[in-house]
Amino acid sequence: MTELEKAQTMLFMIIRNNIVMPKGIELGKNEEEINEMAYNTMLETYTMINFDRAFESYKQGKQKYLERSKSQA
């Protein structure tokens, strides 16, 4: 599995387990339907994100994490 596939799988699972699955269970959906709904939600998410801004936030979070890790070492 490539790093890209790992990242896509992680995103899918976060959306599936935290957003779609609770609602799907409430609606009586089976696992296959929940997976499809999660994938559709993931695709929709791609269109809502300003990736330039999101990447800057990611880098800031990573930098702060690394700074904190160094100070605790």
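**Exercise 1. Decide whether Glu-36 is buried, partly exposed or exposed.**

Step 1: Recall the cut-offs: buried means under 20% relative accessible area, exposed over 50%, and partly exposed in between, with a 1.4 Å probe and protein chains only. Step 2: Glu-36 has 52% relative accessibility, so Glu-36 counts as exposed. Step 3: Place Glu-36 in the chain: helix α2, residues 31–48, holds it. Helices here are DSSP runs of H or I with at least four residues, numbered from the N terminus.

A word on the source: this is a predicted model, where local features need pLDDT of at least 70, side-chain atom pairs count only at pLDDT 80 or more, and totals for chains, interfaces and linings use all residues. Residues are numbered from 1 along each chain as its sequence is written, and side-chain values use heavy atoms, leaving out hydrogens and water.

**Exercise 2. How do the axes of α1 and α2 cross?**

Step 1: Axes are lines fitted to C-alpha atoms, for helices over the stretch in contact, and angles run from 0 to 180 degrees between N-to-C directions. Step 2: The two axes come within 8 Å and cross at roughly 120 degrees. Step 3: That makes α1 oblique to α2, since under 35 degrees is roughly parallel, over 145 roughly antiparallel, 65 to 115 roughly perpendicular and the rest oblique. Step 4: Residues in the contact (heavy atoms within 4.5 Å) include Leu-11 and Phe-12 of α1 and Ile-34 and Met-42 of α2.

Conventions
Helices (H or I, at least four residues) and strands (E, at least two) are DSSP runs, numbered from the N terminus.
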